[in-house]
Amino acid sequence: MTLDDVRTLARTVLRGAGLAPDHADAVAETMVAGERDGCRSHGVYRLLVAANSIARGVVVVDAKPVLSEPARALVRVEGGGGFAQLAFERGRPVLARKAREYGIAALALNNVVHFAALWPEVEALAEDGLVAIAVTPSHAWVAPAGGTQPVFGTNPIAFGWPRPGGHPFVFDFATSAVARGEIELHRRAGKPVPDDWGYDAEGQPTTDAAAVLDGAMRTFGGHKGSALAAMVELLAGPLIGDMTSRESIDADAGRGGSPIGGELIIAIDPAGFLGDAAAEHLGRAEAMFAAIEAQGARLPSQRRYAARERSLAEGVVVPGALHREILALIPG
Ligand code: NDP
Ligand code: PYC
């Protein structure tokens, strides 16, 4: 499929499912970006996830995001129970303006339904010359290190750093051993998962993807991932007056929808600390990137940027079975 085909498919499915056009277009763009960059677990597969949240009444399909400015360097978008993408679109220009004005600024998205990858957000801010960090909790699916019962969400952390004359340095990963979407893809394909991805409902390690989905996932990096997962809960939960992952899954009340709650995005303008010397110091960061690449190691997002080039030239391959499942969502 060409990326335009993917966009048309995503918009058609989302509008057909009842999502208001402004939301449908914003959500579709993140799925196009996921397919384009070879991030399958957050590409068009997520149409099934979004349609499920809509069908189960988890998302407010025509929510109107409301923007406010609680303090000079803070912006809040109350998402009204809609998908997060449109709320971010509304808040992003104000966040960028405030970061330039004050050196640092933060955007809180509240009361949004979130199923997307975070890298499109930090990459967009970094393309704009800002350093960016984004975090969001999800549903309580992940056990703390040393335990076997879910407390945390898969709680991603994304970071973007602007680079002169090239793509930004971006990473974006779940603080769980893998994103839940990856385990769902294994379950759909009938493939086992490594035995260190999670536990079954009895707290035993298992390679059965469905059992992990019913039990608890593990954090990455043992106690370190566990502490980072807790940090994400705190920053994008209580600190911005929104839900923890446990509260989110309780609010879902067994409907099986996507997480509901908040997201925190912090943007820093390098000129805030550095003034006219910003370019010189960002240039020094390049030496670190060069030292990584000089030994054959790759930078995070390098695979994504390469996939993007290929997809822009050749289009993308969507598996036939998934495509048929998506087409079946279109009414009539
Ligand atoms: P991965 O473990 O697949 O990869 C995460 C990051 O690590 C990427 O930036 C990736 O770059 C980089 N990376 C991977 N391998 C290497 C390597 N060998 N060397 C250097 N860098 C590397 O991600 P996850 O499965 O943890 O998460 C996937 C997505 O799921 C994320 O986009 C996240 O935002 C999303 N998610 C969203 C949630 C939500 O609540 N909204 C919850 C959890 C996850 P590259 O892409 O180039 O490979
Ligand atoms: O893949 O873990 C995940 C996920 C949760 C919410 C959105 N993606």
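Begin at the boundary between the two domains, where 17 residues of domain 1 are in contact with 19 residues of domain 2. The model is predicted. On the domain 1 side of this boundary, select α2 (21–36), α3 and α12, each of which supplies at least two of the residues that touch domain 2. Helix α2 gives the largest share of that side, seven residues.

**The whole protein**

Next, colour the chain by domain: domain 1 covers 1–55 + 301–332, and domain 2 covers 64–176 + 219–300. Taken over C-alpha atoms, the centres of domain 1 and domain 2 are separated by 22 Å. In cartoon view, the protein shows 13 helices and nine strands. Its C-alpha atoms fill a box of roughly 55 × 45 × 45 Å along the principal axes. The radius of gyration is 20 Å, which agrees with the value near 20 Å that a compact globule of 332 residues would have. Of the 332 residues, 47% count as buried. Among contacts with a separation of 6 or more, 64% join residues 24 or more positions apart.

**The nonpolar core**

Now select Ala-10, Val-122, Ala-132 and Ala-267, the residues with the most contacts inside the largest nonpolar core, which has 89 residues. Both domain 1 and domain 2 give residues to this core, so the core lies between them. In soluble globular proteins, nonpolar side chains tend to be buried together.

Centre the view on Ala-10. Neighbours within four places in sequence aside, Ala-10 is in contact with Ala-28, Met-31, Val-32, Val-44 and Leu-47.

**Ile-54**

Move to helix α3 (residues 45–55), where Ile-54 has its place. Is Ile-54 buried or exposed? Ile-54 has 23 other C-beta atoms within 10 Å, and is therefore buried. Show its contacts beyond four places in sequence: they are Ala-17, Gly-18, Leu-19, Val-59 and Val-61. Then draw a distance from Ile-54 to Gly-82; these residues are 28 apart in sequence, and their C-alpha atoms are 9.8 Å apart in space.

**Ligand 1**

Select ligand 1 together with the 26 residues around it. Those that come nearest are Ala-117, Phe-173, Ala-174, Ala-179 and Arg-303. Which domains supply the shell around ligand 1? At least three of its residues come from each of domain 1 and domain 2. To see the secondary structure involved, highlight β6 (169–173) and α12 (302–314), each of which supplies at least two residues of this shell. Helix α12 also supplies at least two residues of the side of domain 1 that touches domain 2. Coloured by class, the shell around ligand 1 shows 14 nonpolar, seven polar and five charged residues.

How values were computed: Residues are numbered from 1 along each chain as its sequence is written. Chains are lettered from A and ligands numbered from 1 in the order in which they are written. This is a predicted model: local features need pLDDT of at least 70, side-chain atom pairs count only at pLDDT 80 or more; totals for chains, interfaces and linings use all residues. A residue is near a molecule or strand if its C-beta atom, placed from the backbone, lies within 6 Å of it. Helices (H or I, at least four residues) and strands (E, at least two) are DSSP runs, numbered from the N terminus. Ala, Val, Leu, Ile, Met, Phe, Trp, Tyr, Cys and Pro count as nonpolar, Asp, Glu, Lys and Arg as charged, and the others, Gly among them, as polar. Domain bounds come from an automatic or database domain assignment. A nonpolar core is a set of buried Ala, Val, Leu, Ile, Met, Phe, Trp, Tyr and Cys residues joined through C-beta atoms within 7 Å. A residue is buried if 20 or more other C-beta atoms lie within 10 Å of its own, exposed if 12 or fewer, and partly exposed in between; C-beta atoms are placed from the backbone. Two residues are in contact if their C-beta atoms, placed from the backbone, lie within 7 Å. The radius of gyration is taken over C-alpha atoms; the globule rule is 2.2 Å times the number of residues to the power 0.38.
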